[in-house]
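Dear colleague,

Please find below the structure that I am handing over to you.

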Amino acid sequence: MSNQTDSTAEVLLEKRGGAGIITLNRPKALNALNLPMIQQIYPQLKTWEQDPETFLIIIKGTGGKAFCAGGDIRAITEAGKVGGKLVQEFFQGEYRLNNAIGTCKKPYVALIDGITMGGGVGLSIHGHFRVATEKTLFAMPETAIGLFPDVGGGYFLPRLSGRVGYYLGLTGYRLKGRDVLKAGIATHFVESEKLPALEKDLIALKSPSKENIADLLNSYHKKCTVDQEKKFVLDEHMEKINSLFSANSMEEIVKKLKQDGSPFAIKQLETINKMSPTSLKLTLRQLREGASMSLQEVLRMEYRLSQACMKGQDFYEGVRAVLIDKDQSPKWKPPALEDVSDEFVDNCFKPLGNDDLKL
């Protein structure tokens with residue numbers, strides 16, 4: 001097992017004590033995940049899973065700002081414009097890695113300190129333990145760039161309490177700090193400055209079981225008093241979220257929001273009106289179907305959707321408006337929900353035959 005500790009590498013893989021440690025090391029890019037990183041993490045994860053001397057796996061990010069702000073969207077955009085293979089290879093690699101984390105037999109601890117969005121959620125949410133801090137900022141903002149909350153979003157979002165997951169997936173709403181725990185995304189909450197000590201204690205555990213690791217995380221969690229008294233940020237809106245976001249179609253959700261007319265509902269309408277109508281329709285169906293699927297079925301479905309989005313127009317326009325020109329005024333095609341036909345949506349979900357994702 002080579003200790004890859006070359007500080008210029010984009011991902012550092014090392015074994016310390018009984019722990020395999022994955023460090024995302026692209027601080028300037030907020031540790032955004034690219035294909036070479038995926039291709040290094042996946043085989044190492046599989047090796048550690050089989051290794052009798054490895055008892056747990058820890059994943060974290062460097063730089064103090066982000067755990068992982070998402071996938072390397074710019075690279076995918078460039079490839080998509082020229083018909084490059086990356087649009088298949090990236091999503092295949094990423095979803096296989098999500099599945100490897102979701103099925104990993106060794107306890108997997110994600111230290112989600114700082115920005116954790118999109119692809120960063122995929123690297124953490126499917127593991128056994130997710131430790132948030134006061135610096136954690138969670139979101140699945142994909143509908144704003146003509147995509148959908150992938151990396152297994154169709155699996156974990158509909159399983160959050162009530163309709164919170166639908167709300168987060170459709171609006172891209174950001175959760176901060178302890179709210180990430182209260183929403184059911186994190187399993188533990190610890191002060192950011194205590195993470196090095198927690199990591200040291202995890203590494204020092206002698207052939208620990210999942211229960212030993214849980215006990216250690218619980219002890220840190222119990223000692224943390226930051227924002228302990230604060231109510232969940234969405235508490236006062238939960239009743240509205242559960243009723244307004246339980247509709248069977250996007251048009252119906254919009255109608256309900258308009259009829260409700262409360263400041264909260266009006267704010268959600270404004271947000272939804274900025275999103276790609278195609279993305280909204282794909283996302284709602286993805287979450288509704290994913291609610292009763294296995295993680296593997298969800299990832300296969302999401303791969304089909306990813307390829308449909310790569311062939312469409314909104315993804316490139318969304319990336320242009322939000323990430324490249326930053327004018328925040330994308331021109332969606334079609335521009336309205338009612339122009340996105342059921343037939344079009346159905347097509348996006350169709351099996352790809354030999355090109356389907358193999359897990």
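Helices here are DSSP runs of H or I with at least four residues, and they are numbered from the N terminus. Please bear in mind that this is a predicted model.

**Salt bridges**

In helix α1, Glu49 and Lys46 are three residues apart, so about one helical turn separates them. Their side chains form a salt bridge, with an N to O distance of 3.8 Å. Which of the two partners is buried, and which is partly exposed? Glu49 is buried, at 8% relative accessible area, whereas Lys46 counts as partly exposed, at 30%. The limit that matters here is 20%, since buried means under 20% relative accessible area.

As a general point, side chains of opposite charge can pair when their charged atoms come close. In this model the count comes to 16 salt bridges.

Another of these contacts joins Asp51 to Lys15, whose closest N and O atoms are 3.5 Å apart.

In one of them, the ring centres of Tyr167 and Phe245 are 5.4 Å apart and the ring planes meet at 75 degrees, so the pair is edge-to-face. Tyr167 lies in helix α6 (residues 164–171) and Phe245 in the loop between α10 and α11, so the contact ties together parts that are 78 residues apart in sequence. Tyr167 is buried, with a relative accessible area of 1%, and Phe245 is buried as well, at 0%. Both rings belong to one aromatic cluster, formed by Tyr167, Tyr173, Phe245 and Phe264.

Two contacts place a charge over a ring. Arg163 lies over the face of Tyr166, at 3.8 Å from the ring centre. Lys223 lies over the face of Tyr220, in this case at 5.5 Å from the ring centre.

**The largest pocket**

The largest pocket holds about 1,300 Å³ of space. It is lined by 45 residues, and those closest to its centre are Met117, Pro141, Arg174, Val322 and Leu323.

Which element supplies the largest share of the lining of the largest pocket? That element is α12, with six residues. At least two lining residues come from each of α2 (73–81), α3 (86–102), β6 (115–117), α6, α12 (263–274) and α15 (314–324). By class, the lining of this pocket has 25 nonpolar, 10 polar and 10 charged residues.

With kind regards

Terms used. Residues numbered from 1 in each chain as written. Predicted model: local features only at pLDDT ≥ 70, side-chain atom pairs only at ≥ 80, totals over all residues. Heavy atoms only, no water. Salt bridge = Lys/Arg side-chain N within 4 Å of Asp/Glu carboxyl O. Buried < 20%, exposed > 50% of the residue type's maximum accessible area, 1.4 Å probe, protein only. Phe/Tyr/Trp six-rings, centres within 6.5 Å; stacked < 30°, edge-to-face > 60°. Lys NZ or Arg CZ within 6 Å of the ring centre and 35° of its normal. 1 Å grid on protein atoms, 1.4 Å probe; cavity = no way out; pocket = protein on both sides within 12 Å on 5 of 7 lines; lining within 4 Å. Points joined across faces, edges and corners; volume = space filled by probe spheres on them. Nonpolar A, V, L, I, M, F, W, Y, C, P; charged D, E, K, R; others polar.
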